[in-house]
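Please look through the sequence and the model shown below, and keep both at hand while reading.

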Amino acid sequence: MTASETTRAAGADRDPSAQEPRRYPIRLYDTTLRDGLGMEGISLSLEDKLVLARKLDEMGVHYIEGGYPGSNPKDADFFRRAGELGLRHARLVAFGSTRRAGGDAASDPAIAAVLEAKTPVITIVGKSSAKQVIEVLETTEEENLSMIADSVRHLVAQGREVVFDAEHFFDGFQEDPAYALATLRAAEGAGAGTVTLCDTNGGSLPGEVVAGVRAARDAVDCEIGIHVHNDADIAVANTLLAVEAGATQVQACVNGWGERTGNANMISVVANLKLKLGIDVVSDEQLARLTETARFADELANMIPNKSQPYVGQSAFAHKAGLHVAAITKSAGSYTHVDPGSVGNTERVLVSELSGRRNIVEKLREQGVELELSEAQARVVLEHVKEQEARGFQYESSEASFELLVRRSLGGYQAPFDLEDFLIVERRRHGHGSDENEMQAEAMVKVRVGDRLSQTAADGNGPVSALDLAVRRALLESYPELDRVHLLDYKVRIINPSGGADAAVRVLIESSDGLSLWRTVGASTDVIEASWMALQDAYEYWLFHHARGPRDA
């Protein structure tokens, strides 16, 4: 039987005079917990998966694909504990594959595994490319159609809603459109509620996606889903075009996680569907959870959030150019395409060498710093910022250092302490066992608070650690409440790598007192000096805002 004959056979019962296909509401299908975890460097524990599933439910997705129970014990355990989730919006989905070639769906172990998961919805993947059927499955086109139909029919008979993921659909449609469509008809004829068109290799262009969805829309009456990978960097665009062409179920992953370069980004897809296309896939309250959800997922996976991620990134609504800042102070939204608050994000003003005087004023206002600057004072601060950034400082994410720079640039500011001198000695200590040949550092510092000079010393596991401990010890003599402050994060960035051993470095420090966070920066060709600058700002910022004055000796 030829592919064309196969197609006619699969669709022989379709009435050419039938009415227009039914229209369905748009539904969000999240596959972060299965397909998203295929991304290099991402791994979630069982507890992590359960926590993230609840978060996705709160965000308003309609389906949550929990995993592939037939592939690993963790996913099987996830479904055994799924009753703990208490999902309010989403239906839980188990993922599996069609029966084996030449086998029987009723006795197939992969089919049994998804049924054992006891989810109301089951998604099974099958080939829609004739080339893949012959070269990968090593079976016939006719047997692949039987594998699809038998598997779907058996699952539907068990009372499950079935989604058929048509793997390699768009590649198969380019190679042999008749056979690709025949696989969809086979699934629909057996009772599948949705056939999902998969751009498995992620290389389909927008026109190809639109043509494939339209052809599928003409071929079947059930729901059509779209599942796009991002190998050509157009997954979100292809997903939106698929919806406009007739797809009603959208498969995607939080933050674009997924194998190779990832899947369509669920965060961007949701925002675009609601804010750009006017489709109420989630409520306004759920839309406002996007930023929180995106950052929560990254934190859970120990991933560094992408600051430039559209809608939810830290820089998504940040303004650096002075011209832009001047405009938004006159007309809110002049340089934003949506209201940042609608997706739970905030508009930010950055200060840098590209800034204008208005940036300085607006940045202080944004940070809640009550300082009224004259035009002349703002000009002085701006020049100081530019000088510092030329030396390697960066104030975009170091708000505490920026505030101190402004205060130091104005007359009358008095620092709560001064580091008059320090000496750091490093040595290699010969020991035994795990401490053999351990490096150790000792710092000796002189710190002045008013008329009081304290000289202290401390050992650390490195020069910066020793310096920090010695300075803290000295400051605690005058400011015992400083004991509440702790350094949370310490990062070193090489500013000019081509400089080799003489390259300048930038040190970023994040600190907390248990109630609030603040960030400081230092820059120098000497990493210890750069570290001290950031440390000094970290302690000075807190003391300026919280200290009641130094305790007398």
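The model is a predicted one, in which local features need pLDDT of at least 70 and side-chain atom pairs count only at pLDDT 80 or more, while totals for chains, interfaces and linings use all residues. Residues are numbered from 1 along each chain as its sequence is written, and side-chain values use heavy atoms, with hydrogens and water left out.

Helices (H or I, at least four residues) and strands (E, at least two) are DSSP runs that are numbered from the N terminus. Helix α8 covers residues 177-189, and its 13 residues reach 18 Å from the first C-alpha to the last, close to the 18 Å expected at 1.5 Å a residue, where the expected span is 1.5 Å times one less than the number of residues. This helix is mostly covered, since 10 of its 13 residues are buried, a word that stands for under 20% relative accessible area, with exposed meaning over 50% and partly exposed in between (1.4 Å probe, protein chains only). Among the buried residues of α8 are Y179, L181, L184, R185 and E188.

Two other helices show how such elements can meet. The axes of helix α5 (residues 130-137) and helix α6 (residues 141-157) come within 9 Å and cross at roughly 95 degrees; axes here are lines fitted to C-alpha atoms, for helices over the stretch in contact, and angles run from 0 to 180 degrees between N-to-C directions. The two helices α5 and α6 are therefore roughly perpendicular to each other, as angles under 35 degrees count as roughly parallel, over 145 as roughly antiparallel, 65 to 115 as roughly perpendicular and the rest as oblique. At their meeting place, A130, V133, I134 and L137 of α5 are in contact with E141, N144 and M147 of α6, contact meaning heavy atoms within 4.5 Å.

Although A443 and A458 are 15 residues apart in sequence, their C-alpha atoms are 5.5 Å apart in space. With neighbours within four places in sequence left aside, the contacts of A443 include L423, I424, A458 and L467.

An open sheet is formed by 3 strands in the order β14-β15-β16, with antiparallel pairing; two strands pair if DSSP finds at least two bridges between them. Because β14 (486-494) and β16 (517-524) stand at the edges with a single partner strand each, one side of each is left without a neighbour in the sheet. Neighbouring strands of this sheet are turned by 15 degrees against each other on average, direction ignored. Helix α19 (residues 527-546) packs on the sheet, where it touches β14, β15 and β16, and its direction makes about 150 degrees with that of β16.

Within the sheet, 8 bridges join β14 to β15 (residues 505-512), and H486 has S512 in β15 as its bridge partner. Strands β15 and β16 also pair in the antiparallel sense over 8 bridges, with R506 opposite A523 in β16. These two strands form a hairpin with 4 residues between them, and G514 in the turn has a positive phi of about 90 degrees. Since 6 of the 8 residues of β16 are buried, this strand is largely enclosed by the rest of the structure.

How many disulfides does a search of the whole structure find? The search finds 0, a disulfide being a pair of cysteine sulfur atoms within 2.5 Å. C198 counts as buried at 4% relative accessibility, and C253 counts as buried at 0%.
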